[in-house]
Amino acid sequence: MSDTRHTRVLIIGSGPAGYTAAIYASRAMLEPVLVQGMEPGGQLTTTTEVENWPGDIEVQGPDLMVRMEAHAKAMGTEIIGDLITDLDLSKRPFTAKGDSGTTYTADAVILATGARAKWLGLESEEKFKGFGVSACATCDGFFYRGDEIVVIGGGNTAVEEALFLTNFASKVTLIHRRDELRAEKILENRLLKNEKIVPMWFHELVEVVGETDPLGVTGVRVKHTKTGEITEVPCKGVFVAIGHAPASELVAGQLETHMGGYVVTKPGSTETSIPGVFAAGDLTDHEYRQAVTSAGMGCMAALDAERFLASVE
Ligand code: FAD
Ligand code: NAP
């Protein structure tokens, strides 16, 4: 059944930015509505240990996000399991259409749709997605007990995925296009000490190879970035961990974006190019992309929205 509901503040996204905005907006008595999207809890639900969330020496990503949701709810946020499929920012109140059939109208919108995993864009990667090719070790690692696996990438995600996958795999080959990692030193040290992990420097994936009946991966063909030499690495699983891109499709053509889709905000603020629309977290941050920075921006967005509403109401 389709219905329309109005809220003073609509928060789109349920990662650290969305839930923090919800906590602050609730405490400002703005009675926010938060729409969770396809991934309730956001990116941290796809990882295991988080070791840099202040106050928790170690916390499991999914547990932290369950706690944030409970916190937002306890403060009075209405949390809705829906996906926004269309957003009209051309006039106030702003209008968002939910996949459920509900139309949300809002006096202010906080965008916290975060980021999604990037893919290499190879035809063979697409062919084997879900049949040996994955972008989430915590989701799919379990299927590769005793198998050989490759991980592509050299950032924090790739290193964490490689370390996590050693819980299941007999061998993990980390394929990176340079000989220097982007990951934090503490993670790099763990990776280099782990006997199950073999780094393969200066290589890039050119093709995922496998069988079609049944569909499954048997290996990858990789190319040396300097010599061009092709090597085949046998494996059952390929984990692509080459970074994330902002989830800004909803606002494409409506808000100013830069650097591949990151929403532009006014320096020192979460204000976007449309008054009453605020953006927080990985959606707007090409630089830091951390849980704590996203949460910080979520706080700012709620405070900015509160000030905006006070100025127009
Ligand atoms: P996200 O967490 O990306 O959440 C986005 C939310 O928006 C999701 O809930 C999604 O469902 C929702 N959404 C998207 N589109 C729509 C839509 N159309 N309608 C409604 N909702 C929508 N950071 C750290 O600080 N420490 C770590 O240890 C750490 N580990 C990580 C491990 C991995 C594997 C990954 C991938 C990232 C890790 N990060 C870590 C980075 C951290 O997860 C992100 O910086 C943070 O989650 C960004 O928060 P966010 O709220 O901006 O967005
Ligand atoms: P990232 O830091 O952008 O790293 C992406 C890696 O993939 C880089 O090593 C890059 O190589 C490589 N790469 C990119 N495109 C490629 C391509 N087409 N082919 C081959 N390799 C490619 O992304 P991330 O590791 O997903 O991290 C994203 C953000 O989340 C970061 O800010 C990170 O700090 C944060 N995060 C934090 C934690 C933590 O705190 N523990 C954990 C996970 C993620 P180059 O190095 O050559 O560019």
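This is a predicted model: local features need pLDDT of at least 70, side-chain atom pairs count only at pLDDT 80 or more; totals for chains, interfaces and linings use all residues.
Trainee: Why is Ala135 called partly exposed?

Mentor: Buried means under 20% relative accessible area, exposed over 50%, and partly exposed in between (1.4 Å probe, protein chains only). Ala135 has a relative accessible area of 23%, so Ala135 is partly exposed.

Trainee: Where does Ala135 lie?

Mentor: Ala135 is in the loop between β10 (133-134) and α4 (137-140). Helices (H or I, at least four residues) and strands (E, at least two) are DSSP runs, numbered from the N terminus.

Trainee: Is Thr103 buried or exposed, and why?

Mentor: Thr103 has 17% relative accessibility, so Thr103 counts as buried. Thr103 lies in strand β8 (residues 103-111). Leaving aside neighbours within four places in sequence, its contacts include Asp3, Arg5 and Lys97.

Trainee: How do you know that strands β11 and β12 pair?

Mentor: Two strands pair if DSSP finds at least two bridges between them. Strand β11 (residues 148-152) is joined to strand β12 (residues 171-175) by 5 bridges, and the two run parallel. Val150 stands opposite Thr173 in β12.

Trainee: Which strands are the edge strands of the open sheet?

Mentor: The open sheet has 5 strands in the order β10-β17-β11-β12-β13, with parallel pairing. Its edge strands are β10 and β13 (197-200), each of which pairs on one side only. Strands of a sheet pair through backbone hydrogen bonds, either parallel or antiparallel.

Trainee: How many helices and strands are in the chain, and why is the chain called as compact as a globular protein of its length?

Mentor: The chain has 7 helices and 21 strands. Its radius of gyration is 21 Å, close to the 20 Å that the globule rule gives for 313 residues, so the chain is as compact as a globular protein of that length. The radius is taken over C-alpha atoms, and the rule is 2.2 Å times the number of residues to the power 0.38.

Conventions
Residues are numbered from 1 along each chain as its sequence is written. Chains are lettered from A and ligands numbered from 1 in the order in which they are written. Side-chain values use heavy atoms; hydrogens and water are left out. Contact means heavy atoms within 4.5 Å.
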